[in-house]
Structure formats: structure tokens, C-alpha cells
Amino acid sequence: MLQRISRRTLAQILVVAGARYLIAPARADDNPSETDVSREAILRDPATPTTGNPKGDLTIVVFFDYNCPYCKQSEPELMRLVKTDGRIRLVYKDWPILTEASIKGAQWALAAKYQGRYDEAHFAMMAIPGAKIPAERMREAIAKAGVDMDRLDADLQTHAGEITALLRRNLAQADSLGLQGTPAYIVGQYRVTSALNYEGFKHVAADARAHAAKN
Amino acid sequence: MPGILRLSIALFVLLGSLATVRAETPPPADQVFRLRVAREDSGVKLVWTIAPGNYLYRAMIVAKNAMPPGAPIAVRTPAGEPKDDPDFGPQEVYRDTLQAEIASVDLQGHHEIVVTYQGCAEKYQICYPPVSKTIDLQTLAIAGPTVADVGSSGGRSSFVDAPQDVTGDADRGGSTDASQGSAADLSYWITLGGMLASFFGFGVLLSFSPCTFPLVPIFFGLMARSQERLSFGRGIVLAATFVGASASAYSMLGAFAAWSGSSANLQILLQTPIALGVMSAVLVVLALSMFGLFEIQLPAGFVNRISGAASRGGRGPLAAAAVLGFGSALLAGPCVTPPLATALLSVARTGDVARGMAALFLFGVGMGVPLLVFGALGPRFLPKPGKWLVRVRHAFGFILLGVAVSIFSRVLSQQLTLQLWGALAMGVAVYLGTQFLMAHMSGRFVSMGFATVAMLIGSVLLIGSAGDDNLTATHILDRFILRESEPADSVRTVRSISALDLELAAARTENKPIMLDFSADWCVECKAMDAVLRRPDVRQRLQGFRMVRADVTAVDAASRALMERFEIVGPPTVLLFGRKGGSDPTTRIVGAVDANALLAKLSTVVTAD
């Protein structure tokens, strides 16, 4: 009797363990964009606009939206640090999640990159204070900043695929980082989920550098 | 085993929330802004409870008919607190609570409305994406996506949260708080004891999750290998060696994490082809010895040096148990990584090597508790060694080969993985077939049946992987005939609202009509719809469309949100957006339809522009 029971038990264990094994690998590979959200992609996506010192020892990544007042408020503080520090590489992740106009703004800014005027378009839109800026006002601001609008529209048509792909990657990266809202930053190996002022950015940057030196 | 799954999910959530509390990540918008609805004589009252430190924008509160969304419905909101910060422009905001009203006059003709609202968190100085809720005006039930449930995926990232003192309030800037760290000794020990106990507890809980299944066959394989019947003591010693070794492996991870201050490095380091290859090779060797090809006996000198004094029963099994326990903890249990990473992360934050090692060691012991119980009691239930034990050993041989394949498959191509599985299934079929021919027991036809099933599975796997790594098996036919080439469709697959918005916006810039089709792997009707979409005439017509597929296979907040965005009951549903249309669909097709019906709808959309 004992023998029969244990044989069956063993067989059950066998089946369960075996079945788990057959099922698990089949489900494992569901996310096609694993490389798109890798650390490398977040820090060094070649399509992403950057500023500051390209050879800097510290990379700061900023996830922002053109209709996010806190982003606009904290950006000059961050830029001040990038300037005074001189060894920071700043990566812009357009992350349009707040309004429909935000998406437009992000598309225009990225299209302006093709005429080398991302910064102009970016700062023009970031300089409009407020939270519900319509797309038209963003467009006016970009035009005023010296961006060739005909070329911009042409580039937006020609490079629509690349721009969308980049925004898509940014979205996926923000998701993978568990970000809840704008702005958010990556400073060295730190994730910062709130807007900071100059002192705050300086402090995190120093911490990130100290941490990097330890390893 | 739904129970086990549920348990492990609960554990993940628990560990995840622990991490959230530590990291002071902003909570999701849905937790910050809570909406209630009540009926009144004059209409419908909307009441928001706003968590302290957060506010809603007056200008961002919008109500629309759910389907089809038309002009905004007037929402009567009280005057808000002016927020006249120069950076914010003139905005009115609400804090703590907000009562708004929609008059019954404005609700006439509506059955369901969607209310959208948006706000920011002053504490974190961030703004949340808009939240949309669908309100059924009959029942006043609120359905609504939480804004994508992204918090849980934070564990995947290799970035850690900046220490509290750094991020605090932006106003405080870089002020540091040095008052911590001078805790009394007693409370230190209480905390330490509590931490160790909870790590042990987590380990025990995790041991019931599917993640530890790889360890089970490896361990049982070890036990079945020993020739003579295992005594109680011997079983315990074997189990303890195995568990102790795997716990040491974890404590090593803990030490590494505490020392390096980051979590997953070593785990990632170990997921290399070489490490996984070595582990698979060890398992294959063990499997072969199960088949009786040879007996594993480590060189006596080596064994003696490790174990010191000699003892009865031979040291081979113990050494094997130690090696396998250590190796399998590091390499075989990959899906332990998310909770393990959380545990490691908390150790990494403290940076205390001794505590980290102790905590992770207990974590490993906790995970090994069921194995210890099995080791002690298992041998009792095993009958005397005999012919059947040989068969069990063979079975474990196959299982170990399976574990080896599944471990090594992490670095192999899909095709090769499938071929290995196919070969294994074929091996099982051959083995069982031989059993049928050679054994004259009563159950021999059962084994023939299993052999057939195994052969079928093996054939499917081998044939399926015959083409190339895209697993389009019939590509192999291209070597024999020239087939009509099928144009590659550019269908974008989205799984979240934000991704969908992006696709829609992108299509706008291309000035194309859009076909948005909701589909899921588990949906049978969708397969019928897919067949329609594959027809040449339909494809031809769809050339002018931008095609977006909303994949709602996963049953989670993101897929619910996607469906609720356009009030989709379920897949298959196709939404068509005209070229000049706004963000709302012009036509919807619910359920699977035939090609003619679909083509007719496509035509109306194209001609409407």
C-alpha cells in the first residue's frame, strides 16, 4: 500500500515540476523591447537630444513634458548646474503624457533637431509658463525662436517614423523606471522622482559622483 | 496551482510596496485623487478627495459622453484657489476636496460619461498624467483605468532611488539630516532580529512560489541517485547540505550587494552564457549518471580535503549536494530575482555587509525549509529500492535534462531552444517506447501512449523550429519553391494608453486614416478576425490605413484602461478613425465580421474624408 501511494505521489511531483518547466519558458519572452529600456538605452540612445559636456563624467537624464509647470520651473535650476559644473552630460527625454498638445510639442522639438535647433525649440516651449498651453502657442514660440518652420514641417513628415519610434522608446523607458509623473530624473545611478532646485540637483550630483567613485 | 500563484503575486506586491515606502516614490495618481459620485435632484454630484500635498486643476476637469465622445458636457466647478506663481500662469486649483456638479439638463440623452481630471503633487513637485473615469449614469458605477500601473515594474530598472536626504523638499534643497543612526543598542537588536525573521519568512513564502521549482527536481534527483535506501539522518544531512549551500550562495549575493551598494549586478553577471552553460553541463552530467552511464564520485583526496574526517555512506553525494545547492541557487532560480532584488536592494541601501549576509542566508534557509522537510521525511515514504526506483531515477534524468535546457535556453536562440526541447521529447518517446517493448508489466500500453504523446510533442517542436529563428516554420518551403512574397504589414502593437495616444498622434502627422484593432491571444473570435485581415483583398484596402493593434492579452490595469478609453467591451473590436477625424473613432466594428462587411466599413471611412 505504502509503495503505491508514494509512487503516485512521486509521479505527481514529477508531472507538476515538469509542466511548470514546459510552461515557464514559453511565457518568459513577452517583451520585445527589452533592449529599448536597458540602462544603456536610457543613458545613451543615439537619437536622443543631449546638451552639456558630451564627455562629462556624470549623465543626467530628464523626463519632461511641455505642459508640466514643475518641469519649466526646475529646468533653469538644472541648466545652472550643468553650466557651473561643466562636467555634466544632459539627456532630454521628451515624455509627453499630460496633454495632446504635449505630444505635438515633443514632435516639433524632435523635428527641429534635424535642422540643429532642438535646444531653441525646447527652450522656447519651456519658457511658456503654465500647464495648459495649446499647440498653437507652442508653435508660435518655436517660430519666434528662429526655427525654420517649413523645414520643420518637412522634417516632421520625412522623419515621422524615427520621431515616433524615439517617443515610443521614451515611454517604455519611463514605464520601466516606474515613473508616475513629470518631471523625473536619472542622476548617475539614482532615480529622482521629484523636481529639485539648484542646491538639490547639486547635492544629488555630488552623491552620485561619490557613489560612482566608491565602486 | 492557483493558490501558489496568488501567494507569490501577493508576496511580490508586498515586497514591491515595501520598496515603494522606502523609496518615497510618488503614489499613482489614482491613489491621490479619489472620485465619488452621488445623485442629486438637480443632477449628478462629483466629489473628489485629494490627498494632502496635491491639487487638481480646475481647467483640466472635463466631462464628455462616453461613446461617441461629443462636445464637452458642462461641469459646474466652484472657484478654485488661485495659483499665481509666475511659472504656472494664472491657474485655479483645488486642494483636499472638490465638489462639482453636472446638471440633469446637460445629462439628457447620455447614458455613460467620461470624466477626466489632472493634477500635480506639490510634495514631489511633479504633475500626474490625466485620469479618466467612466460613470454609468444609471447605476452611478465608476469604472476607470488607473493611470497605467507602472509602479510594480520599477524593480526591473537598474537605477536606485536617490537617498531621502537628497531629494527631500526642493525648497530645502540640500539640507541633510544627521539625527539618524544613533539608535539604542536594544532597538538595534530588535530591528536586527525583526529583519532576520522577516527575511526568513519571505524565504519560506517564496519557497511555495513557482520560482523555486527548478530546485525541486534537482534535489529529488540527488536523493534518487543514492543507491541504498536513505535513512532519516542521511536524508536530513543531504537536505541540509543542499539548503546550506544554496543559502550560502544567497548570503554571498547579500555580501556582494551590501559591499557594492547596488542590487542586481551579480545576478546579471551570472546570467552569462558561460555560467549558464556550466550549470547546464553539470545538470546534464547528473542526468547521465541517473541513466546509469556512470557513477559520480569525486576524487577521494578532493572530497577528504573538503569534508575532513571520513564517514559512512561516502562523500560523493554530499559534495554533489553542496555544489548543486550553491549553483542552483545562483543560476537555476532566475524568477526569484524580482523579490530577491527588492531584498537585495534594501540590504544595498544599508550597506552593512554582515547584516546583508545574515539576512540573505536566512532568506535562503527559509526557501529551503520545504526541501528540509522532504529530505527528512521523503525517504520514509520511498519503498525499498528496486526496479521502480531505477525508473524514477530515469525520469529524474529526463527532468534534469529539461531543467538544463530551460536554464541554457536563456542564452540560446528560440529556434535552438525549441530544437533542444524537441530532441528531449523524442528522447522521452524513445525511452518509453523501449519500455513498451522490453517490460512486460501491466501498464506497458500506458507507456506506449505516453511515448506517442511525447513523440507528437517532439515532432511539433522540431517541425515548428525547422525554418528560421522567426519560427515561421514554413519558410523552409522557400528552399524548394518560390512563393508569392507577402508584403510585410506595419502593424504597431500598443499595450498602454500613452503608447496608443502616441500612435494616434503619429498617424495624424502622416495624414492617414487609422484602423485600431483590439485583440488578445486568448480570444478565439480574434483569430477569425485575423484571418479576415490576412485576406489579400482586405490587405490591399488596408494599405492606405495606419494599423494599430491594441493587445489586451494581459489582464491588468493597462489593458483595462485601453479598453475603457473607447468603451470596448472586449476583443475583437475594430475602431476606424477618419483621416481628418479628431481623437474619436468614426466607426466601430464589434465582434468578428466577414470580409465584405469590413471592406464596406473601410470604404465609408475613406469616402467620408
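First, the ground rules. The model is predicted, so local features need pLDDT of at least 70 and side-chain atom pairs count only at pLDDT 80 or more, while totals for chains, interfaces and linings use all residues. Residues are numbered from 1 along each chain as its sequence is written, and chains are lettered from A and ligands numbered from 1 in the order in which they are written.

Let's start with chain A. Its secondary structure comes to nine helices and five strands, where helices (H or I, at least four residues) and strands (E, at least two) are DSSP runs numbered from the N terminus. Read from the N terminus on, the elements run α-α-β-β-α-β-α-α-α-α-α-β-β-α. Of the 215 residues in chain A, 49% are buried; a residue is buried if 20 or more other C-beta atoms lie within 10 Å of its own, exposed if 12 or fewer, and partly exposed in between, with C-beta atoms placed from the backbone. Among the chain A contacts between residues at least 6 apart in sequence, 75% join residues at least 24 apart. Here a contact is a pair of residues whose C-beta atoms, placed from the backbone, lie within 7 Å.

Within chain A, look at helix H4 (residues 100–112) and H5(A), which pack at an angle of about 150° with their axes 7 Å apart. The axes are lines fitted to C-alpha atoms, for helices over the stretch in contact, and angles run from 0 to 180 degrees between N-to-C directions. Angles under 35 degrees count as roughly parallel, over 145 as roughly antiparallel, 65 to 115 as roughly perpendicular and the rest as oblique, and H4(A) and H5(A) are therefore roughly antiparallel to each other. On the H4(A) side, A:Gly105, A:Trp108, A:Ala109 and A:Ala112 meet A:Tyr118, A:Glu120, A:Ala121, A:His122 and A:Met125 of H5(A).

Move on to the loop between helix H5 (118–126) and helix H6 (135–144) of chain A, and you will find A:Pro134. With 13 other C-beta atoms within 10 Å, A:Pro134 is partly exposed. The C-alpha atoms of A:Pro134 and A:Ala101 are separated by 5.8 Å, though these residues are 33 apart along the chain.

Now for chain B, which has 21 helices and 18 strands. Of its 609 residues, 38% count as buried. Among contacts in chain B between residues at least 6 apart in sequence, 75% join residues at least 24 apart.

One feature to find in chain B is an open sheet of four strands in the order S4-S8-S11-S12, with antiparallel pairing. Two strands pair if DSSP finds at least two bridges between them. At the edges are strand S4 (62–65) and strand S12 (142–143) of chain B, each pairing on one side only. Strand S11 (residues 131–136) of chain B pairs with S12(B) over two bridges in the antiparallel sense, and B:Ile135 stands opposite B:Ile142 in S12(B).

Further along chain B, helix H15 (residues 414–438) and helix H16 (residues 444–464) pack at an angle of about 160°, with their axes 7 Å apart. H15(B) and H16(B) are therefore roughly antiparallel to each other. Their contact includes B:Leu418 and B:Trp421 of H15(B), and B:Phe450 and B:Leu461 of H16(B).

Methods:
Two residues are in contact if their C-beta atoms, placed from the backbone, lie within 7 Å.
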